[in-house]
Amino acid sequence: MKDGFGREIDYLRVSVTQRCNLNCVYCGKTDCEKKGSELSPGAIGKLVGAFAKCGIKKVRVTGGEPLVRNDVCEIVERIRGVDAIGTVALTTNGVYLEKYAADLKTAGLDSVNISLDSTDGSTYRHLTGADVLERVMAGIEKAQSVGLSPLKVNAVLMKGVNSDGAGELVDLARKKDIDVRFIELMPFSDSGIDKSLIVTGADILAQFPFLKPTGQFEGTAEYYAADGFRGRVGLINPITKKFCSACNRIRLLSDGRVKPCLGHDVTYGLTQYLNDEDRLEEEIRKIILKKPAGHSFDTQTPSYGLNRTGG
Ligand code: SAM
């Protein structure tokens, strides 16, 4: 269905937990170990079914870290079981991916995005608080070997923190059949981000002049290619090239509330209608119509980081 600004909303991001096994410096500073209430796989399946009736065709499972839930395969299975859903994807930090990749594939997962901000062990530890880079790399290999495709690596660069490792990340796209995407750092007030740390898409193109535009725009990413590269490099520029006018997303939070826009704190309750399918659909349609025009990161900073919202 279309929202109040005529945008077709067909992509639902489902945060299945706000817990995370990492503690990234730029993500929300709210307690990564705090569970809060979490929807059961059955409730997630039911809600996705109602969203599908309102036009959702693609679902991404995210968090927090979705793989800290030991019922994550059942969650994927329930979503896969909703007829109208064409694509089921997952975003993960990759630490438990080696363990779950094969079962996730069997459960019906199509593709996976892995967050990796550095390929240097000590920088990775500094950014995430954990010494698990090798496990993440093993998770990437495993996901490729079981056929979770396409495989994308998402990286957030910060000036003077991990920006000097951009070349090694670009190299992943040179050597492997992986799309490496750089996401501009977004300011959320509970992460205390200093805007001067932002590395823009233009900074990346200036650093790697051999990257040539492919003319491919997929979702939020603009893709570039280079001679001899197996994968592509993508730029996601929410700050310097705001793409809200083409936004097709809506978010279901781990406690069952719906958040129509990443850049606004407003959320709507839905779980009270779980046992009334018609009302559920009616409420979702009302919420989609209330989706804001877009973020205003330049003048207004949303309170909660992506660990709460679902990145
Ligand atoms: N735990 C999973 C993961 O690491 O991919 C899913 C949730 S995580 C919040 C999703 C994505 O949000 C990660 O790629 C992370 O880099 C990104 N992210 C978190 N805070 C951000 C910020 N302030 N600006 C830009 N991206 C951010």
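Reader: Which elements do the buried residues of α1 pack against?

Author: First, the terms. Buried means under 20% relative accessible area, exposed over 50%, and partly exposed in between, with a 1.4 Å probe and protein chains only. Contact means heavy atoms within 4.5 Å. Here the buried residues of α1 pack against β1 (11–15), β2 (58–62), α2 (72–80), β10 (249–252), β11 (258–259) and α8 (277–289).

Reader: What kind of model is this?

Author: This is a predicted model, in which local features need pLDDT of at least 70, side-chain atom pairs count only at pLDDT 80 or more, and totals for chains, interfaces and linings use all residues. Residues are numbered from 1 along each chain as its sequence is written, and side-chain values use heavy atoms, leaving out hydrogens and water.

Reader: How many helices and strands does the protein chain have?

Author: Both are DSSP runs, numbered from the N terminus: helices are H or I of at least four residues, strands are E of at least two. The protein chain has nine helices and eleven strands. Its radius of gyration is 18 Å, close to the 19 Å from the globule rule for 311 residues, so the chain is as compact as a globular protein of that length. That radius is taken over C-alpha atoms, and the rule is 2.2 Å times the number of residues to the power 0.38.

Reader: How much of the chain is buried?

Author: Buried residues make up 55% of the 311 residues.

Reader: Is α1 mostly covered or mostly exposed, and which of its residues are buried?

Author: α1 is mostly covered, with ten of its 13 residues buried. Among them are Pro-41, Ile-44, Leu-47, Val-48 and Phe-51. Gly-55 follows α1, and its phi is positive, near 110°.

Reader: Where is Gly-4, and is it buried or exposed?

Author: Gly-4 lies in the segment before β1. Its relative accessibility is 51%, so Gly-4 counts as exposed.

Reader: What is Gly-4 in contact with, beyond its neighbours within four places in sequence?

Author: Gly-4 is in contact with Ile-288 and Leu-289. Gly-4 and Ile-288 are 284 residues apart along the chain, yet their C-alpha atoms are separated by 7.6 Å.
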